[in-house]
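Subject: Handing over a structure, with notes

Dear colleague,

Please read them with the model open beside you.

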Amino acid sequence: VPFFDALAAQPGIELSVISARRGPGVENSGHVSGLSYLDDEHPWVALWPDGALAWQRGLRRVALGDPGDVLVVSGNLRYVSNYPMILRARYAGTGVIWWSHGRTLHPKSTIEPIRLAVMRWVDAVLLYTDEEVASYRTTVIPAEKLFATNNTVDEAPIQQAIAYWDDTRLGRFCAEHGLEDKLLLLYCGRLKPSARLDLALRALRQLHDADVPAVMAIIGDGPERAALASLAIELGIASSVRWLGAVWDQMDLAPWFLSAQAFVYPGPIGLSLLHALNYGLPAVTHNNRANHHPEISALDDGVNGLLFRESDADDLADKIAMILRDPQLHKRLSQGALETVNRRYSLAHMVEGFMAAVRYASNCAIERCRLAATRG
């Protein structure tokens, strides 16, 4: 919402967001109301029982405006209602942007050619990161039509929370939670099998064996909660794990991020990486970049975090210990985290990348209309 608010505030922009309160397989889409630019009367319906294909109703009623306006579609190939919408937009002289991941965690060889064909068809392709743009420049997609937002989180509430939690308040917080003489590790995300939190618990056991007084705070909930709690008991580290459940308010999250020495995410990491870096918190995650979400491009090994060998709890423990035992390394990584988000991963940078794509797509549509008029 802050991103769309920032777009709506851009000079010369009239923004309309076509939305649905519910979707296939989504009980609650996190819908918000009261946004002047939101048109939320377009429900999704599943075309297949398992939601493999989906259709958004009422798109024919959506006005496309004047030539040079721009339609931005969610780059999910399963949303088949997008294709007639794109055709209608091009016929009306409207520019089209395909906004998407450049890749998926488990790409299918049968799907990727379709993705490339659609990307070539539209006027501009808006990807999540500069790294993805660089990878697509090696394909048949012209470099000039590739743009990136460098996907991130809204830093404003984080900065407000940091300003509130000064040293005095943080000191009281640590005393209340028994953290004064502890080294705090933090995880924040869904408790699901792919997160591989079992590796983090095994690494914590090894840190204890090496006389490193670490505790781990786990923020989030999910289907793995009970199994992970049982594993912590089995490993003899239950008293060193804090199960905080789902926490959404930034003011409540902030003291945990600010008190931690490292953000530990053993599985495929995404936006939670940017969340940690905005707090100046070094991140530790695995080294198989192909098995991460696009936001992994923000992590620079040895600059703002460390990478361990994928699925190797021993190496994870070693990398965490490096940060906990070396204050100078921790300080350097923390500074690198803040420099990363300030330089490339802010809401302002996202808007800038988005608007560059909009301007390009608009110019393409205007030129297309000019050529059509000349031929006519």
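Setting aside residues up to four places away in sequence, G353 touches L126, F147 and A148, where contact means heavy atoms within 4.5 Å. G353 has its place in helix 13, helices (H or I, at least four residues) and strands (E, at least two) being DSSP runs numbered from the N terminus. At 11% relative accessibility G353 counts as buried, a word that stands for under 20% relative accessible area, with exposed for over 50% and partly exposed in between (1.4 Å probe, protein chains only). Between G353 and S297 there are 56 residues in sequence and 16 Å in space, C-alpha to C-alpha.

Before going further, please note that this is a predicted model, in which local features need pLDDT of at least 70 and side-chain atom pairs count only at pLDDT 80 or more, while totals for chains, interfaces and linings use all residues. Residues are numbered from 1 along each chain as its sequence is written, and side-chain values use heavy atoms, with hydrogens and water left out.

Four strands form an open sheet in the order 5-6-7-8 with parallel pairing, two strands being paired if DSSP finds at least two bridges between them. Strand 5 (70-74) and strand 8 (146-148) stand at the edges with a single partner strand each, so one side of each is left without a neighbour in the sheet. From one strand to the next the twist averages 25°; axes are lines fitted to C-alpha atoms, for helices over the stretch in contact, and angles run from 0 to 180 degrees between N-to-C directions. Strands 5 and 6 run parallel and are joined by five bridges, and V72 has I97 in strand 6 as its bridge partner.

Two helices lie across these strands. In the loop between strand 5 and helix 2 sits S81, which is buried at 2% relative accessibility and, apart from neighbours within four places in sequence, is in contact with W44, A54, W55, Q56 and L59.

As for the aromatic rings, those of Phe, Tyr and Trp (its six-membered ring) pair if their centres lie within 6.5 Å, with planes under 30 degrees apart counted as stacked, over 60 as edge-to-face and the rest as tilted. That rule gives 14 aromatic pairs. The rings of W99 and F354 have centres 5.2 Å apart and planes at 75°, so this pair is edge-to-face. It links distant parts of the chain, with W99 in strand 6 (residues 95-99) and F354 in helix 13 (residues 347-375), 255 residues apart. F354 is buried, with a relative accessible area of 8%, and ring pairs link F3, F4, Y37, W99 and F354 into a cluster.

Finally, the largest nonpolar core has 71 residues, of which L185, L186, L201, M216, F257, F263 and I320 touch the most other members; such a core is a set of buried Ala, Val, Leu, Ile, Met, Phe, Trp, Tyr and Cys residues joined through side-chain atoms within 4.5 Å. A second, separate core of 21 residues includes V62, A89, M119 and A148.

With best wishes
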